[in-house]
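Colleague: Can you take me through the labels you put on this model? I'd like to hear the cut-off behind each one.

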Amino acid sequence: MKLEHLIQAYKANNIEAELKDMSNENERAGVITFATGISAAYLLDNEDIAIAIKIFFNCLTTDNLKIQNQISHTIRMLNVIQNTITLLCNIPQKECNMILDKLGLFDNTFQKRKENKTLRT
């Protein structure tokens with residue numbers, strides 16, 4: 001998907017996205033900032049199509065550690081992940097939810113798999 005269309009799709013889904021181009025003579029890349037503590041690095045081909053996106057997020061809100069702020073931050077983070085998968089893979093939201101579920105984001109197995117991977121290396 002072209003980066004321009006991806007940003008428009010985020011905004012159409014009520015996800016604010018701000019671009020910061022960090023391209024150089026070797027590669028066309030940059031950062032998309034969605035909110036404080038939620039961003040993504042992107043890599044473009046020569047036709048402005050996003051060929052790689054890596055999402056980074058803080059698990060805890062940086063604003064205030066009140067539970068309501070944490071819930072809002074987590075919802076915002078999941079919306080970004082879900083919309084990115086839906087848009088780039090061109091799949092419906094139901095299938096995206098199945099992917100997120102299989103990754104273990106809702107039953108705490110994602111954390112256990114990350115711990116196991118760290119212990120093996």
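Colleague: Why is Thr84 called buried?

Modeller: Thr84 has a relative accessible area of 6%. Buried means under 20%, exposed over 50%, and partly exposed in between, with a 1.4 Å probe and protein chains only. So Thr84 counts as buried. By the way, this is a predicted model: local features need pLDDT of at least 70, side-chain atom pairs count only at pLDDT 80 or more, and totals for chains, interfaces and linings use all residues. Residues are numbered from 1 along each chain as its sequence is written, and side-chain values use heavy atoms, with hydrogens and water left out.

Colleague: What makes the Thr84 and Tyr10 side chains a polar contact?

Modeller: They come to 2.5 Å. The term asks for a pair of N or O atoms within 3.5 Å; within protein, one must be able to donate a hydrogen and the other to accept it, and residues adjacent in sequence count only if both atoms are side-chain atoms. The Thr84 side chain also reaches the backbone oxygen of Val80, at 2.7 Å.

Colleague: Which residues of helix α1 are buried?

Modeller: In α1 (residues 3-12), Leu3, Leu6, Ile7, Ala9 and Tyr10 are. Helices here are DSSP runs of H or I, at least four residues, and strands are runs of E, at least two, numbered from the N terminus.

Colleague: How do you know that they line one face?

Modeller: Down the axis of α1, the buried residues fall within an arc of 160 degrees, so they line one face. The arc is taken over directions from the helix axis to the C-beta atoms. Glu4 and Ala12, both exposed, sit on the face turned away from that buried side.
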